[in-house]
Every structure is written in structure tokens, then in C-alpha cells.
Amino acid sequence: MTDSPATPAAPPAAAPASHATSRLALAAAGVTVVLWASAFVSIRSAGAAYSPGALALGRLLSGALVLGLVLLVRREGLPPRAAWPGIAVSGVLWFGAYMVALNWGEQEVDAGTAAMVVNIGPILIALLGARFLGEKLPPRLVAGMAVSFAGAVAVGLSMSGEGHASVLGVVLCLVAAVAYAGGVVAQKPALAHGSALQVTTFGCLVGAVACLPFAGQLVEEAARAPLPATLNMVYLGVFPTALALTTWAYALARTTAGRMGATTYAVPALVVLMAWLFLGELPGLLTLAGGALCLAGVAVSRSRPRPSQRIAAGSAEVDGHRRK
């Protein structure tokens, strides 16, 4: 009677909670990539009336206002002191520099070139995560990123057409990719101390402060901008910024930076679909093939080895230690 089966039954009982958390993190990442894809459609409208810095500041102010109200309602308060270095760095790099550089870069190069250059961001995230966060680079993640990057290049080539690409534009998109990667890697440690809402809210505020030099442009351009452009700027702040970056932070706190970065390769495929549905831009065969590769690569990078493979890998590691 004392040999109760409760002890071996304990691990399976804990599994559902882990699976539920993984599903919630995946759902949060899905919300993020859908809203980030929609941002490309809105930027096209808002960018016609607002300069890069003014658009970034207006977007960040809208997002910070919404996030601040939610933070007050939830009474989460200030994040712990240990979270502030990551919040400050990610706020300046990702919320500030990335948005300004990307807005400016997309005025200098065609959409296809921008997509190809900016999509080195997830690769940089994986490399920086391995270097500074001690994250591993599983073969499935590396393979999935390679497939997705090939898809992003295909989408970019199909979208370039007879567009133009200046050296300045390419450099700006490269700066955006580096700022994005650095911001994500800096944000990851902050999430070990503060909540997703706290880290996102104050990161957004830091980015807005960094963009304050563009306040004069924002006031002047808002006075003469058409209403649809201003509404698109507010949409960018509320949904692709406030909501999407919060769901991103929630998912990032529960997985590696490299895996989260690879998930964003679904964005080009979704942009193609949204441009088809909302802008009437019929994608060509190369675009469709590239979008399919992006999604396939994300699926590979998010997949995990089967239990039998994990057991075999663990046994091999144990045998290796024994030989030593």
C-alpha cells in the first residue's frame, strides 16, 4: 500500500500546464505577426502625409497613452530596478531608432529591397541571443531560418519590380535590422524582472522621449494631414505597437529570442495576403512561393524533436560524459 503510483504519475500531471503555456505563447506570437503585417498597409497611407520621425513619434505617443491607461487600471506600477537597463536599451534601439530608420528607409528603397534587408533581423537576433544570452542554436531553428530567409528574398525580388534602391535606403534598412535585433536581445533579460505590460509600456515611453526632437514636425504635419493618414498613425500606435509589442513580450518571456525572431518570418507572407485582400494587389507565382517558404521555415523553426529523438540525444550526451 505504501508503493503508491502517485510518484510516477506526478510528471504527466504537470505537463498540461506547460502545454497550455506554450499554446498561449504561440497564440500571443501569432497576434503579434498578424498586427505587424497589417502595419505595412497602414504605413503606406500614413507615410504619405507624415515624415519618418513624426510618424514614429505619433505612433509611440498613441501606443504609450493606451499602454499607460491599461497599466493604471491593472495597478502594476513601475517595473523593478533590475528591469530598467533592458527597458532603456530596447526603448532607444527598437521603439525609437528602428521605427525612424525603417520609416525613412522605405522612402528611399522599394518595398522588396526593404523586406530583404530588414529580414536579416531574425538572423542577428539568433546570433546575438547565442552570444549574450547563452541561447542554443538548435539545427531545426537554423534550418527553419534559412528556409524562411530564402522565402523573404523571393518575396522581396518579386516585389521589387522596377523600383529604386539607393545606398542610403539600404543602409537605413540595415540600421533598422540591427536596432531591432539589439532591442529584442536587450528586452529579454528585462522580462525576467518586469511583466510584459511594464516592459512594453516603459519601453514605448523611452522610445517616445528619444523621438521628441521630431515633435515640431509632428505638430506641423498633423495640422495639414488628411484624416485617414492620422487615423492610420493612431492605429499603428494602438495595435501594431501597444497590443502587438505586449503580446510579443509575453511570448518572448516564455521562449528564446532566436525562436521568437524566426517567428516574424511569417510577416512577409501575411503582408502578401493582406495586400491582396485590402489593396487588390494580386501576387505573382514567385511571391506566393516565397510566402509559402516563409511559413514553412517558421513551422520548422518552431517544431521540436520527438520524445524518442530527445531521449536518444540525452543518451548520447550521457555516453559522451562517461567516455570522458
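Helix H2 (residues 52–74) and helix H3 (residues 84–108) cross at roughly 140°, and their axes come within 8 Å. A second pair, H5 (residues 121–132) and H7 (residues 167–190), packs at about 40° with axes 8 Å apart. This is a predicted model, where local features need pLDDT of at least 70 and side-chain atom pairs count only at pLDDT 80 or more, while totals for chains, interfaces and linings use all residues. Numbering starts from 1 along each chain as its sequence is written, and side-chain values use heavy atoms, with hydrogens and water left out.

**How to read the terms**
- Helices are DSSP runs of H or I with at least four residues, numbered from the N terminus.
- Axes are lines fitted to C-alpha atoms over the stretch in contact, and angles run from 0 to 180 degrees between N-to-C directions.

**H2 with H3**
- The crossing of H2 past H3 is right-handed (the near helix is turned clockwise from the far one by less than a right angle).
- On the H2 side, Pro 52, Gly 53, Leu 55, Ala 56, Arg 59 and Leu 60 make the contact (heavy atoms within 4.5 Å).
- Their partners in H3 are Phe 95, Met 99, Val 100, Asn 103, Trp 104 and Gln 107.
- By class, this contact has 8 nonpolar, 3 polar and 1 charged residues; Gly counts as polar.

**H5 with H7**
- H5 also passes H7 in a right-handed crossing.
- H5 contributes residues including Leu 124, Ile 125, Leu 128 and Phe 132, and H7 residues including Val 178, Tyr 180 and Val 184.
- The contact of H5 with H7 divides into 11 nonpolar, 3 polar and no charged residues.

How values were computed: Helix = DSSP H or I, 4+ residues; strand = E, 2+ residues; numbered from the N terminus.
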